[in-house]
Amino acid sequence: MKSEELARRLAASARPVQRLPHPIWRAMMWFVFSLAYAGALVLVMGLRTDFSARIAEPRFVIELSAAVLTSMMAAAAAFCSTCPGRPIWERLAPFPFLLVWLASLGEGCWRDWSLHGLPGLAVQPELSCFWKIVISSAPPAILILLMVRRGAPIAPYLTTGLATLAAASLVAAAMLLFHRQESSIMVLIWQFGSVIVLSGFTAFFGRQILGWRTIDIPSLE
């Protein structure tokens, strides 16, 4: 079948659809709802006992801000990635903030090593932190995945990974407010690491989650 004929038959069989709002507007809607959820989570769990001391530290503020901005930019990138014709660079928007987040944790590890030597980099097993992020991220992750499913699954693996990164980063930022870790290396491995692993794992199932749609060519003939 020639391309012109295929396009004509696809157009003839297409059903009318409602135009989606701008991707940035949809990202803002998701972020407002998810931020309210994260705030409720902090309210229920209560602020960490050393919050007043930590919030006075520039590095902690940078770490917290970078996690929140990673979430915002990842959400915007996820929605933009479902719109045909948008610039590819938009999908890279969260990564500078992700690097700032990683750098702030790296600086904390260096400082712990300078003050305490190798004991300052000791890692304790805390798998519960991973499961807390998985369970707590589920509501905002489900919401954003339902929203991005309405767009075109042009890059399903990337879109799913970005959507999960948005949800997990926001929950990790909330955890910084109520979950106390003894050292930066613990935050790096059990919080930042959990966000990256979770995003990568769900991205692997992007095609199934976003429901990649195919056309049965013979049915058009």
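**Close-up views of a predicted helical model**

R111 is partly exposed, with a relative accessible area of 32%. The structure containing this residue is a predicted model, and the legends below start from the salt bridge that R111 forms with E57.

**View 1. A salt bridge joins E57 and R111.** The closest N and O atoms of the two side chains are 4.0 Å apart. E57 sits in the loop between α3 and α4, whereas R111 belongs to helix α5, so the pair ties together parts that are 54 residues apart in sequence.

**View 2. R180 and D50 form a salt bridge between distant parts of the chain.** Their closest N and O atoms lie 3.7 Å apart. R180 is in the loop between α7 and α8, and D50 is in the loop between α2 and α3, 130 residues away in the chain. R180 is partly exposed, at 44% relative accessible area, while D50 is buried, at 15%. R48 also takes part here: R48, D50 and R180 are linked in a network of salt bridges.

**View 3. E63 and R59 pair within helix α4.** The closest N and O atoms of this salt bridge are 3.1 Å apart. Because E63 and R59 are four residues apart in the helix, about one helical turn separates them. Both residues are buried. The structure holds seven salt bridges, and this pair is one of them.

**View 4. The largest nonpolar core of the model has 50 residues.** Those with the most contacts inside this core are W30, F79, W101, I144 and V148. The largest share, 15 residues, comes from α7. In soluble globular proteins, nonpolar side chains tend to be buried together.

**View 5. I144 is in contact with residues beyond its sequence neighbours.** Leaving aside neighbours within four places in sequence, the partners of I144 are W30, A75, F79, A163 and A166. W30 and F79 are also listed with I144 among the core residues with the most contacts.

**View 6. A nonpolar patch lies on the surface.** The patch is formed by I24, W25, M28, M29, F33 and L143, which together have about 590 Å² of accessible area. Helix α2 gives the most to the patch, with five residues. M28 lies in this helix and counts as partly exposed because its relative accessibility is 46%.

**View 7. C109 and C129 are not joined by a disulfide.** The sulfur of C129 is 14 Å from the closest cysteine sulfur, in C109, which is too far for a bond. The count of disulfides in the model is zero. C109 is buried, at 9% relative accessibility, and C129 is buried as well, at 0%.

**View 8. The protein as a whole has 10 helices and zero strands.** Its C-alpha atoms fill a box of roughly 70 × 30 × 30 Å along the principal axes. Of the 221 residues, 43% count as buried. The accessible surface comes to about 12300 Å², and carbon and sulfur atoms account for 71% of this area. Among contacts between residues at least 6 apart in sequence, 87% join residues at least 24 apart.

Conventions:
Residues are numbered from 1 along each chain as its sequence is written. This is a predicted model: local features need pLDDT of at least 70, side-chain atom pairs count only at pLDDT 80 or more; totals for chains, interfaces and linings use all residues. Side-chain values use heavy atoms; hydrogens and water are left out. A nonpolar core is a set of buried Ala, Val, Leu, Ile, Met, Phe, Trp, Tyr and Cys residues joined through side-chain atoms within 4.5 Å. Buried means under 20% relative accessible area, exposed over 50%, partly exposed in between (1.4 Å probe, protein chains only). Helices (H or I, at least four residues) and strands (E, at least two) are DSSP runs, numbered from the N terminus. Contact means heavy atoms within 4.5 Å. Patches are made of residues with over 30% relative accessible area and no salt bridge: like charges are joined within 9 Å, nonpolar side chains (Val, Leu, Ile, Met, Phe, Trp, Tyr) within 5 Å. Accessible areas come from the Shrake-Rupley method with a 1.4 Å probe; for residues, only the protein chains shown count as cover. A disulfide is a pair of cysteine sulfur atoms within 2.5 Å.
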